[in-house]
Amino acid sequence: MAYTYQDLKHMNVAQLREIASGMDHPAVQGFSQLRKDQLIPGICEALGIDMHVQHRVVGLDKATVKARIKALKVKRDEAIRTGDAEQLKFARRRIHRLKRKIHKAMI
């Protein structure tokens, strides 16, 4: 059966050890003594699974939001330089909200 990194990540240790028992690869030798955080990379190496998970932003133009964040960072730096606490708070909150918007749009 073909596994993905996400499939392996959601399995318990007993299931991972069962998968590792059917492999003859140096990365999973001694599988009965390995913990979950050690088993997953070993199984991924043995099966040739990429451990890096790609996230995509859906329903949002990421480039536009990033440009707005960059502009707000300039305003934030200006507020720090001039000592304007109100503008500083506004810029920081707006940057935080835009970053959260990007994070929520990721799948």
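## Fold along the chain

Read along the sequence, the protein chain runs α-α-α-α-α. That makes five helices and zero strands, where helices (H or I, at least four residues) and strands (E, at least two) are DSSP runs numbered from the N terminus. Keep in mind that this is a predicted model: local features need pLDDT of at least 70, side-chain atom pairs count only at pLDDT 80 or more, and totals for chains, interfaces and linings use all residues. Residues are numbered from 1 along each chain as its sequence is written, and side-chain values use heavy atoms, with hydrogens and water left out.

## Overall dimensions

How does the radius of gyration of the protein chain stand beside that of a compact globule of 107 residues? The protein chain has 23 Å, while such a globule would have a value near 13 Å; the radius is taken over C-alpha atoms, and the globule rule is 2.2 Å times the number of residues to the power 0.38. Along the principal axes, the C-alpha atoms fill a box of roughly 65 × 30 × 20 Å.

## Surface and charge

The protein chain has an accessible surface of about 7900 Å², and carbon and sulfur atoms hold 51% of this (Shrake-Rupley method, 1.4 Å probe; for residues, only the protein chains shown count as cover). Of the 107 residues, 23% are buried, meaning under 20% relative accessible area with a 1.4 Å probe and protein chains only.

There are 22 positive and 11 negative side chains, and the centres of the two sets are 11 Å apart. Here Lys and Arg count as positive and Asp and Glu as negative, without His and the chain ends; each charge is placed at NZ of Lys, CZ of Arg, CG of Asp or CD of Glu.

The largest nonpolar core has 14 residues, of which Leu8, Leu16, Ile19, Ile43 and Cys44 touch the most other members. A nonpolar core is a set of buried Ala, Val, Leu, Ile, Met, Phe, Trp, Tyr and Cys residues joined through side-chain atoms within 4.5 Å. Helix 1 (5-9), helix 2 (13-21) and helix 3 (36-47) each give two or more residues to this core, and helix 3 gives the most, with four.

A second, separate core of six residues includes Val65, Leu72, Leu98 and Ile102.

## A look at Val65

Val65 sits in helix 4 (residues 62-82). Is Val65 buried or exposed? Val65 is buried, because its relative accessible area is 4%. Not counting residues up to four places away in sequence, Val65 touches Leu60, Leu98 and Ile102, contact meaning heavy atoms within 4.5 Å.

Conventions: Buried < 20%, exposed > 50% of the residue type's maximum accessible area, 1.4 Å probe, protein only.
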